[in-house]
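Let's walk through this one together, one question at a time. Have a look at the sequence and the structure before you read on.

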Amino acid sequence: MSALQIMFDALSLGSLYALGALGIALIFGVMRLVNFAHGDVIAFCVFALLWPSVDAIAIVFAGNLPWFLLIPFVLVMGAGLSVLCEFVVFRRFRNTNPATMMIASFALGFVIRYFLLMLFSSRPKSISLLPELSQPVTVLGARIPLLQLITILVTVGVLVGLTVFLRRTRFGLEMRAAAENFTMARMLGVRANRVIMVAFALSGALAGAIALILGSQTGTANIVMGANVMLMAFIATVIGGMGSLAGAVLAGFLLGASATLLQALLPPEARAFRDAFVYGAVILVLIFRPQGILSARGMKERV
Amino acid sequence: MRQTSSLTILRRTVSTPVILILLLVAFAILSWAVGSRPFNQTVIDILVQVTLVTGLYIFIGNSGVISFGHAAFACLGGYVIAWTTIKPMMKKNAMPGLPDWLMSMEIGWWAAAALAALWAALWAGIFGAILMRLSGIAASIATFAMLAMINAIYSNWSGVTGGTSSIVGIPIIRSVWPYLAVASLAVIIAWAYSISRHGLILRAARDEPTAARASGVDIPRARLIAFVLSGAVMGAGGAMLALSIGVVTPNTFYLGLTFTTLSMLVVGGMGSLSGAVLGVLILSSLIQVLRWLEAGVQIGTSTFALPGGVQEIGLGVVMILILMFRPTGIMGNRELKFPWRR
Amino acid sequence: MSLLNVSNIGIRYGRLTAVRNVSFTMAEGEVLFITGPNGAGKSSLLRAIAGVTAPSGGRIDFADHDITGKVPEAIARLGLSMVPEGRDVFGSLSIEENLMVGTGMHAGENGWRARAMAELEAVYATFPILKERRHSQAGLLSGGQQQMLVIGRALMTYPRLIAIDEPSLGLAPNITDQVYERLIALQKERRLTLLIVEQSSTRAMMVGGRMMLMRGGEIVLDGDARALGKSEAIEAAYFGYGEQA
């Protein structure tokens, strides 16, 4: 494997984690909620393409849409479910402590997961999602799957778009203000419900994007498919400094890079333990920097 | 001067474990008297869950830190049972990478369960030394990472754990009494810890962290003691779980177990030992009813059955509703007591 | 016609009563100081008016709307701007961004953008230091500058009433003087209604206007600040003499 290939692997895996971390950090920012249901929203987005059936063979339904309809469909499904979660459950937890909200989201994630199990059974199903993307392309002399390239480009696009939204629009300004001091923002007329709703919608759409990437990459639909990305995303938000979007993204890429490097450098018999090594490394990082690599700056500098 | 001596605390609180254990004994006697196999298994399930949830309570209830990682200690305990009670011949096939001394070991259930508790406590000590420096949400997420880490290791270390495949051949214990003994022991340990100096200090630190730190309490150390103790009880619980079903896989002790134990603790009341035990009894009954409905009920000539998954959905919904309307659970911070002790 | 009408407000935190049966009204353009010792219930009262704390009883009307139990953003949109204790700037946002947050509630109105820009210039004219450092992070400002920023930020919402909790908290006396100087100038210029909470009555007596003294969750004195300052009643009321004797 060439160094260039490793780099592309690292970037695409990091992209996945960064998108996940962003989805977690956006909601944490405005509501101090660690959303354990995020991984199940990801899985839901993949299953939204299938017709409910407990058979082993997937009955592709919406998955047959042409790509320019399929992608918005998945993003809207993610945003929709996420907003629904806010509306039905999280809205009633606004004034409770973060620990209670966290457990509630954990329970909600299970409800979503077993709802999928009820409709689709727990057996993984093979699907063919955007098969055009699996063909390889040559970039700078390295042969990499087109999907990898697209994953990286999409992530860069999302990051640029989100930055512009947060920095340059009125609504983005309101969201950043709310993330820093929710009550104060409300006293300046910022509508709490709208800000939180948009945060959930964005987070859900990001889950949809992850679902598309994971679905095309693995070619399977599995009710637990979001769990691993979600866990990495949690870790990224913790080491990025809870509440810092930039920190979460950076830590996501860092996790992707370390996982890829471990995969490449570990002896073959130890490769299966790659993720265990990553978790271990994270725990070690936390000993030395319990507040994260980049702690949220705004919070500390407040006098 | 009104100084509360440890003897008065003991006298004032001892009725709680007594009531709880009597409750468990009543269940055990009931199952023995009924003598039906499925009911017997249900009571065993309940006693195993009591052990696990009590283990979880020791840490969460006293420290106030939510742990998503305790199922990992049950996993450690469960595999100790597989390593030490399965016949060597069967072990050779399923787990060829075991060292010779472990391969030839075949010990009784109580010794194996004690080893399981020790093994889990050892790892709780190692992980806890690191994790207990964190607090709040970061600590919770780190415990989740610990669970994932142990699960990843046990799922892939094929020579020693058999990987993700099921390890069968654990001699199943069908009598209810061993489970009663371990569950009662767990309740006694939890109670003894909560009235010990360490337990009182940790609860004080939970309620008034700033004041506790100012008066020189080493919070990470106080938490570590609770973490190790609860890890040991969790390990014993995992061992009993393995002995009750006769099979272990890494996923027996993963998110599903985390979810059920945590929901039972939340519903009962995270800050109360009685809540932990009652949570198990209440949710186990709910699970039984839902399981029964999933299996199908004959109404007239047609069979009515709920689809699979309803059980977990029901559990999740109950948990969310409790958190919404009674966030401190059924018991809050109160304990069951004999009325004349007040 | 009064702008703010508070009647029989009570506030409880669990078993603790912070405010009991407080009633008062404010006319448009009035300056009202609420003073009193720590724990008198001043901040609780202000938070209830701003919609942050729900009162346990009573009714609050502002600009002919019943705002009892309304959410903070709805109250802000009626023209009641709250500057809480401790200033609460958005530390990671730039100064200009801090000022612009509150303009969003008028978005969509005719010519709101031009009006916001004009208001921004007006705030900058009042507080030149803010213009000078418009792009730096608000968290890096000194305490006095932050106080000016939050007053400017409140002005950007075109309020009819500004409620300020302890503007002098943690500021050197000469800085406090500056803050008050600007505040009163603004009040005169725009006929603003000001509701100011301060622990000490001295400032109220210096600035003038109406003063209410709170103690133990109740209003114990209400009158012209300067006139009250000359009487002995104030000291007695503040410390609660003559009640336990």
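**A parallel pair in chain C**

Tutor: Let's start with a pairing in this predicted model. Strand β3 (residues 31–35) of chain C runs parallel to β8(C), and five bridges join them.

Student: Which residue of β8(C) stands opposite C:L32?

Tutor: Begin from the pairing of β3(C) with β8(C), which run parallel. Find C:L32 and look across to β8(C): the residue standing opposite is C:L195.

Student: And in β8(C), what is the bridge partner of C:D165?

Tutor: For this one we turn to strand β7 (residues 161–165) of chain C, which is joined to β8(C) by five bridges and runs parallel to β8(C). The bridge partner of C:D165 in β8(C) is C:V197.

Student: Why is strand β8 of chain C largely enclosed by the rest of the structure?

Tutor: Check both ways that the residues point. C:T193, C:L195 and C:V197 point one way, C:L194, C:I196 and C:E198 point the other way, and all are buried. Strand β8 (residues 193–198) of chain C is largely enclosed because the number of its residues that are buried is six of the six.

Student: Now the open sheet of chain C: which are its edge strands?

Tutor: Four strands form this sheet, with antiparallel pairing, in the order β2-β1-β4-β5. An edge strand pairs on one side only, and here that applies to β2 (16–27) and β5 (65–66) of chain C.

Student: What angle does the direction of helix α1 of chain C make with that of β1(C)?

Tutor: Helix α1 (residues 42–50) packs on the sheet and touches β1, β2 and β4 of chain C. Its direction and that of β1(C) make an angle of about 120 degrees.

Student: Last one: which helix gives the largest share of the side of chain A that touches chain B?

Tutor: The contact takes 34 residues from chain A and 33 residues from chain B. On the chain A side, α4 (98–120), α9 (227–239) and α11 (274–288) each supply at least two residues. The largest share is 14 residues, and it comes from α4(A).

Terms used: Residues are numbered from 1 along each chain as its sequence is written. Chains are lettered from A and ligands numbered from 1 in the order in which they are written. This is a predicted model: local features need pLDDT of at least 70, side-chain atom pairs count only at pLDDT 80 or more; totals for chains, interfaces and linings use all residues. Two residues are in contact if their C-beta atoms, placed from the backbone, lie within 7 Å. Two strands pair if DSSP finds at least two bridges between them. Axes are lines fitted to C-alpha atoms, for helices over the stretch in contact, and angles run from 0 to 180 degrees between N-to-C directions. A residue is buried if 20 or more other C-beta atoms lie within 10 Å of its own, exposed if 12 or fewer, and partly exposed in between; C-beta atoms are placed from the backbone.
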